[in-house]
Amino acid sequence: MSRTAAPLQWLTMGFLALGLLGLSPALSLSLLAFGLAVLTALKLREARRLEERRVVALLQLVCAGLLAALRPELGPSLLQGLAILMALAGLLALELGAGPDWKALLRRSLQVLVAALPIALVLFLLLPRLMPFSNLGTGHGMGAMTGLSASMDPGSIARLAVSREAAARVAFPLGGGPPPLEQRYWRVLVHELFDGRSWGSNATPFPRPPAGQPTAPPPPPAAPGEGLQLWLVEPSGLAAVPWSGAGRPLSADLTLQRSGELLNRAPGSQRRVYALSRTADQNDWRTQPPGPLDLVLPRGENPRLEALAAPWGRLGSNRERLNAAGSWFRGQPFRYTLEPGALPRQAPLDHFLFESRLGFCGHYASAFTTLMRAAGVPARVVSGYRGGQWVQPVGGTGYVDLRQADAHAWSEVWLQGEGWQRVDPTAWADGDPLARAVATGADRAGTAPWDWLQQQWWGLDIAWARWWLGYDSDQQQALVQRLLGDQRHLLGLVVLLAVALSLAASLGGLGWLGRRRSGDPLRLELERTLRAFARQGMAPQAGETLPVFSRRLTQRWPDLAGPLDDFVGHYQRQRFASAPSRSGRRQAHRLGRVLRRSLHTGNRSKEAVQQGTP
């Protein structure tokens with residue numbers, strides 16, 4: 001058994017261990033992957049016989065496949081590819097014994113992986129897709145970090161720290177760009193439940209049509225890269241995911257709620273990838289009429305707020321009430337700050353509106369929405385992300401980079417004949433970060449070198465997601481429809497035929513590569529050198545020895561005397577040695593390469609001189 005096999009298999013375990021670091025323990029399959037990797041490492045430690053080492057190689061390949069199902073992103077995929085490459089090299093070392101070195105084993109393993117790509121591509125394109133495998137609270141008067149939570153109680157937060165952790169990335173149609181900075185609102189959660197202090201969510205899905213009622217056929221799936229938005233969202237504890245509020249979800253994993261929340265059925269403990277098409281959804285959440293919860297207001301909790309809104313409620317329309325509230329807000333000395341101090345338990349919004357007038361987005365959205373409800377206007381709080389930095393990588397797709405620091409809250413009010421309209425009262429406060437960014441004409445301040453490198457990598461990750469992870473079941477069905485039309489029952493036969501052709505081509509390619517590199521390395525190097533001279537009209541004659549042929553070559557190319565003597569002398573010493581060494585074979589390859597390069601360079605110089613002679 002080769003001594004190279006054990007280091008290769010332990011190196012494979014190292015790559016698998018690195019891949020395990022990104023898994024969430026909340027997923028049952030993650031625990032399975034952890035357990036399988038531990039058992040494989042224990043088996044490798046005790047393995048002594050060839051059959052046991054073969055079992056280890058098989059377990060390593062299974063573990064790499066499981067990791068690929070759990071972590072299909074670009075970085076983990078590269079790591080899984082390295083693990084598979086090393087596992088194959090270790091298996092080849094077991095089967096071939098002590099002959100090949102590391103370089104030969106890795107080269108052969110890479111050839112096997114390349115040969116398997118056509119089969120993998122056929123299965124990826126045509127095999128039916130499977131479903132994916134697979135609350136932040138604070139105490140009163142405590143600090144918190146920027147981000148999203150299922151409930152919102154801004155009055156309990158005395159100080160808000162800024163988190164620069166990644167939240168999401170969104171790319172747009174190829175060649176397209178993002179909306180203007182002041183229009184970048186990415187909704188996630190809708191808070192309708194209000195108890196006088198905190199806000200909660202009560203989103204409900206769109207009702208299914210009654211049985212037998214005809215429904216309009218859904219629009220055809222978008223081709224890869226043609227979606228309005230392509231999202232990569234980092235793990236979170238929320239089922240709702242960010243979007244702009246426009247477009248149609250392309251995946252069956254996405255469910256649109258009546259309130260405009262977009263729910264993703266994929267586990268929130270792993271990164272989620274989804275796309276939305278240009279086509280508007282048939283059930284536009286903006287036109288869904290308000291429910292009773294959108295006017296619920298605990299009376300007497302904030303009496304001064306209610307007194308302020310009372311005359312607005314006597315105005316003729318919701319638009320007039322909204323304008324009156326906006327005018328009052330803009331006329332007050334409100335100031336944006338991340339350290340507003342905790343609000344009192346009694347009448348917290350009264351204290352904010354009429355005394356402190358200090359707060360961040362949660363304070364403004366909560367107070368304004370409550371004022372609208374007190375004036376008889378259906379209203380709710382929406383939390384999500386605002387702004388984001390537009391990144392255009394050196395090579396790749398541009399995208400908007402959203403961090404947890406971009407988390408934001410705003411209000412939505414119901415206007416007759418217009419539907420739900422966004423109102424951001426934070427923009428009326430002095431010191432609003434987005435207002436400053438718009439005024440300076442910049443998405444955000446410049447980034448450090450490490451951030452720049454990270455953004456370039458994320459650009460590649462976006463491209464990988466667009467063309468690889470973005471290929472979902474809907475797009476596969478569209479491809480099958482274009483290929484087979486009404487003959488979809490032939491899909492199984494087509495898959496088998498394509499796999500057979502791919503397998504035949506792969507085996508033929510591997511056989512050709514094997515024959516190309518088989519035989520005596522010294523003899524192969526000599527034949528390669530003789531072919532180079534034959535192309536120049538100089539070939540050995542019948543019965544001519546190598547030294548005699550070398551002297552004849554020297555007569556024609558005197559400048560090659562040195563490289564020729566070195567190559568021929570080294571070849572003969574290795575050829576007639578009792579046991580040619582590996583270093584001697586490498587030296588023969590180096591000398592042959594120098595000789596062929598000298599022949600090529602000398603001929604080009606001679607041609608240049610002849611062309612310059614009058």
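**Strands, loops and surface patches in a predicted model**

In this chain, R169 stands opposite L232, which belongs to strand β6. Before I go on, let me say that this is a predicted model, in which local features need pLDDT of at least 70 and side-chain atom pairs count only at pLDDT 80 or more, while totals for chains, interfaces and linings use all residues. Residues are numbered from 1 along each chain as its sequence is written, and side-chain values use heavy atoms, with hydrogens and water left out.

Let me stay with that pair of strands. Strand β3 (residues 166–171) and strand β6 (residues 229–233) pair in the antiparallel sense over 4 bridges, where pairing requires that DSSP finds at least two bridges between two strands. Strands themselves are DSSP runs of E with at least two residues, and helices are runs of H or I with at least four, both numbered from the N terminus. β3 is also joined to strand β16 (residues 399–403), by 5 bridges and again antiparallel, and there V170 stands opposite V400.

How many of the residues of β3 are buried? The strand is mostly covered, with 5 of its 6 residues buried; buried means under 20% relative accessible area, exposed means over 50%, and partly exposed lies in between, with a 1.4 Å probe and protein chains only.

There is also an open sheet of 3 strands, in the order β7-β10-β9, with antiparallel pairing. β7 (240–241) and β9 (254–256) stand at the edges with a single partner strand each, so one side of each is left without a neighbour in the sheet. Between β9 and strand β10 (residues 262–264) there are 3 bridges, and these two run antiparallel, with L254 placed opposite N264 of β10.

A347 has a positive phi of about 45 degrees although it is not a glycine, and A347 sits in the loop between β12 (335–336) and α8 (348–356). R357, likewise not a glycine, has a positive phi of about 55 degrees, and R357 is found in the loop between α8 and β13 (358–359). Is R357 buried or exposed? R357 is buried, because its relative accessible area is 18%.

Now to the surface. K103, R585, R586, R590, R593 and R597 gather there in a patch of positive charge. Patches are made of residues with over 30% relative accessible area and no salt bridge, joining like charges within 9 Å and nonpolar side chains (Val, Leu, Ile, Met, Phe, Trp, Tyr) within 5 Å; a salt bridge is a side-chain nitrogen of Lys or Arg within 4 Å of a carboxyl oxygen of Asp or Glu. Helix α17 (residues 582–612) gives the largest share of the positive patch, 5 residues. R590 lies in that helix, α17, and R590 counts as partly exposed because its relative accessible area is 38%.

A nonpolar surface patch of about 290 Å² is made by V38, L39 and L42. L39 belongs to helix α2 (residues 28–46), and with 55% relative accessibility L39 counts as exposed.

The C-alpha atoms of D565 and P547 are separated by 8.8 Å, with the two residues 18 apart along the chain.

Key:
Areas by Shrake-Rupley, 256 points an atom, 1.4 Å probe, with all protein chains shown as cover. Lys, Arg positive; Asp, Glu negative; His and termini not counted. Charge placed at Lys NZ, Arg CZ, Asp CG, Glu CD.
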